[in-house]
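Got a model open and want to talk through its packing and ring contacts? Let's take it one question at a time.

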Amino acid sequence: MTKVGELYDRDFFLWTQEQAAALRAVKRSNLPLDWDNLAEEIESLGRSDRRQLRSQIRRVLRHLLKIEVSPAMEPRAGWRSTILDARSEIDDVLHDSPSLRREVDDLIAEQLATAAELAAADLGRHGEPAEAVRARIQKAFTAEQVLGDWFPEASGQDRDRSSAS
């Protein structure tokens with residue numbers, strides 16, 4: 001059996017879930033605490049980590065999609081920088097709450113359509129191929145592509161322009 005506070009340091013999200021369940025289990029005691037609301041507040045702390053993970057995954061997907069379909073060269077460095085920043089944020093969340101790692105595939109699938117709509121709107125404002133983004137979501141991204149160091153290759157048009165320089 002582990003010490004009570006050990007899980008807090010190893011996996012914050014899992015700790016919040018276990019502590020909320022424990023509070024509900026002992027609420028029959030005579031202690032004058034607001035057990036239900038206390039348990040709910042502890043659970044909400046864990047949900048905030050999950051929300052942050054969802055948001056950063058959506059951010060990575062949005063910018064990966066733009067890199068894949070946009071013929072523009074200049075914004076790529078900024079998009080890559082945004083992806084690297086979001087991946088760093090994801091690493092922080094998963095370091096504090098490793099049990100959330102098992103939700104990554106579901107969050108990627110859940111956020112892909114929203115990320116595509118955001119990317120399409122971004123590109124559409126600049127007269128770029130918004131429909132190509134929507135078409136791209138037929139092929140899902142893997143957790144390794146979203147969390148790792150993968151970046152899409154430049155499109156053929158981009159490679160032609162790069163080699164002509």
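Q: Which pattern does the protein follow, read along the sequence?
A: Keep in mind that this is a predicted model. The protein has eight helices and zero strands. Read along the sequence, then, the pattern is α-α-α-α-α-α-α-α.

Q: What share of the residues in the protein is buried?
A: To count as buried here, a residue needs under 20% relative accessible area. The protein has 165 residues, and the buried ones make up 39%.

Q: Are α3 and α4 roughly parallel or roughly antiparallel to each other?
A: Two packed helices are described by the angle between their axes and the distance between the axes. For α3 and helix α4 (residues 76-96), the axes are 9 Å apart and the angle is about 155°. Angles over 145 degrees go in the antiparallel class, so α3 and α4 come out as roughly antiparallel.

Q: How many nonpolar residues are in the contact of α3 with α5?
A: The crossing of α3 and α5 is right-handed. Sorting the residues of their contact gives seven charged, two polar and, for the nonpolar group, 14.

Q: How far apart in space are Leu-118 and Lys-66, C-alpha to C-alpha?
A: Leu-118 has its place in helix α5. With a relative accessible area of 30%, Leu-118 is partly exposed. Along the sequence, Leu-118 and Lys-66 are 52 residues apart, while C-alpha to C-alpha in space they are at 9.7 Å.

Q: What kind of aromatic pair do Tyr-8 and Phe-12 form?
A: The structure holds four aromatic pairs. In the one formed by Tyr-8 and Phe-12, the centres are 5.6 Å apart and the planes are at 80°. Planes over 60 degrees apart meet the cut-off, so this pair is edge-to-face.

Q: Why is the pair of Phe-12 and Trp-15 stacked?
A: Phe-12 and Trp-15 are three residues apart in helix α2 (residues 12-25), which separates them by about one helical turn. Stacking needs planes under 30 degrees apart. The ring centres of Phe-12 and Trp-15 are 5.8 Å apart, and the pair is stacked because the planes are at 25°.

Q: Which residues do ring pairs link into a cluster?
A: Tyr-8 is partly exposed at 42% relative accessible area. Phe-12 is buried at 17%, and Trp-15 also counts as buried, at 16%. The cluster linked by ring pairs is Tyr-8, Phe-12 and Trp-15.

Q: Over the face of which residue does Arg-136 lie?
A: Arg-87 lies over the face of Phe-151, 4.8 Å from the ring centre. For Arg-136 the distance to the ring centre is 4.0 Å, and the ring belongs to Phe-141.

Notes
Residues are numbered from 1 along each chain as its sequence is written. This is a predicted model: local features need pLDDT of at least 70, side-chain atom pairs count only at pLDDT 80 or more; totals for chains, interfaces and linings use all residues. Side-chain values use heavy atoms; hydrogens and water are left out. Rings of Phe, Tyr and Trp (its six-membered ring) pair if their centres lie within 6.5 Å; planes under 30 degrees apart count as stacked, over 60 as edge-to-face and the rest as tilted. Buried means under 20% relative accessible area, exposed over 50%, partly exposed in between (1.4 Å probe, protein chains only). Helices (H or I, at least four residues) and strands (E, at least two) are DSSP runs, numbered from the N terminus. A charge sits over a ring if NZ of Lys or CZ of Arg is within 6 Å of the ring centre and within 35 degrees of the ring normal. A crossing is left-handed if the near helix is turned anticlockwise from the far one by less than a right angle, and right-handed if clockwise. Ala, Val, Leu, Ile, Met, Phe, Trp, Tyr, Cys and Pro count as nonpolar, Asp, Glu, Lys and Arg as charged, and the others, Gly among them, as polar. Axes are lines fitted to C-alpha atoms, for helices over the stretch in contact, and angles run from 0 to 180 degrees between N-to-C directions. Angles under 35 degrees count as roughly parallel, over 145 as roughly antiparallel, 65 to 115 as roughly perpendicular and the rest as oblique.
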